[in-house]
Amino acid sequence: MFVRDGTLILDTGRARPAFATPGDTVLVAAGAPFGYRAEAAVMTTTLLIDTDYLIEHLFWRYLDLIPDRDAARELAAKLYPDPIQLVRLGEQGIERLAPTLDELGTLTETHQDAAVYFRTHALLLTTLEVIVPHLRHAPIEMPLLTARERATHVASPRWRAFRPVRQEAAQVAELLHHRLAERWRVKDLAAHACLSSSQLRRVFKDSFGVSPMTYLSILRAQEMARLIRETNEPIATISTRVGWAPQDGQASTIFRRYMGTSPSNYRRHGPPSTSPEGPGIGTIPARTHNADSRSG
């Protein structure tokens, strides 16, 4: 909440209220008890930013240091333990941001076509660029990934760095995409690529960063998630369709590893990173407050 004119009296749960004056920005975490009242008339602009959107940026910022988005969420909780922060940008800082905030307010009231979508992101990142250097954060050390965490990044198979892809590896990857449900063994895949099993493992990992079997597991988990989202088929039927026998429990174990939740929870609630409010941001344009506002 950017205070552009007037004074807000903040109720942050502490014995003494805090005051936000022109040039101040109040940051409130989702679910934090918080209220405010205006001292006479106050003009503010409020950005409603999806928490998962911010977690995603934190994950990509520290991609080489944290294994997945759940770890990024835990890191955020350690970095920013205060549910409410009062950031003092100064009146000149708010004046410089005013055109950006006003344009955000206008764009988020319109249909988000491609141009508007990317323009909205650019404006939001411009705003965050101004705020983030002023945030208080706890001093913590970033732990290095273990070998196991590096091998099981919760992500689609992709390059972590630019690497040449061997033709044999690409051929095997395409085979797995098109014949996902078959009961593959490494020696069967190696035979298709005219390589030995050990050669295939080395060539495939050099190209895609994971072994052929890990690659297959990720593809199956992704396809299983798609079928859970888009069909009403029983989960046991879906696991069979993607190549897992439901009776051996492999489907649920591997699905949880790569999707972060069990298949049944995924069907009920969606991915663990989803928000009840839905993705994206909302913007409340500059307005005048004359009454109390409380949330929790």
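Buried means under 20% relative accessible area, exposed over 50%, and partly exposed in between, with a 1.4 Å probe and protein chains only. The model is predicted: local features need pLDDT of at least 70, side-chain atom pairs count only at pLDDT 80 or more, and totals for chains, interfaces and linings use all residues. Residues are numbered from 1 along each chain as its sequence is written, and side-chain values use heavy atoms, with hydrogens and water left out.

**View 1. C194, a residue with positive phi in the loop between α7 and α8**. Helices (H or I, at least four residues) and strands (E, at least two) are DSSP runs, numbered from the N terminus. C194 counts as exposed, at 71% relative accessibility. Its phi is near 60°. Most residues other than glycine have a negative phi.

**View 2. A40, a residue with positive phi in strand β4**. Phi is about 65° here, although A40 is not a glycine. A40 is exposed, with a relative accessible area of 60%.

**View 3. The largest nonpolar core**. A nonpolar core is a set of buried Ala, Val, Leu, Ile, Met, Phe, Trp, Tyr and Cys residues joined through side-chain atoms within 4.5 Å. Two or more residues each come from α6 (167–178), α7 (186–193), α8 (197–208) and α9 (212–230). α6 gives the most, with five residues. Contact means heavy atoms within 4.5 Å. Leaving aside neighbours within four places in sequence, L200 touches V172, V186, L189, A190, A193, L195 and P212. Another core, of 16 residues, lies apart from it; I94, L101, L107 and L123 are among its members.

**View 4. The crossing of α6 and α9**. Two packed helices are described by the angle between their axes and the distance between the axes. Axes are lines fitted to C-alpha atoms, for helices over the stretch in contact, and angles run from 0 to 180 degrees between N-to-C directions. The axes of α6 and α9 come within 10 Å and cross at roughly 35°. The crossing is right-handed: the near helix is turned clockwise from the far one by less than a right angle. A173, L176 and H177 of α6 meet P212, Y215, L216 and L219 of α9. By class, this contact has six nonpolar, one polar and no charged residues.

**View 5. D24, a buried residue in strand β3 (residues 24–28)**. Relative accessibility is 3% for D24. A polar contact is a pair of N or O atoms within 3.5 Å; within protein, one must be able to donate a hydrogen and the other to accept it, and residues adjacent in sequence count only if both atoms are side-chain atoms. The side chains of D24 and R88 make such a contact at 2.7 Å. The D24 side chain also reaches the backbone nitrogen of T21, at 2.9 Å.

**View 6. Helix α1 (residues 51–61) and its N-terminal cap**. D50 caps this end of α1, with a side-chain oxygen 2.8 Å from the backbone nitrogen of D52. The buried residues of α1 are D52, Y53, I55, L58 and F59. They pack against β4 (34–49), α2 (69–79) and α4 (114–131).

Notes: Nonpolar A, V, L, I, M, F, W, Y, C, P; charged D, E, K, R; others polar.
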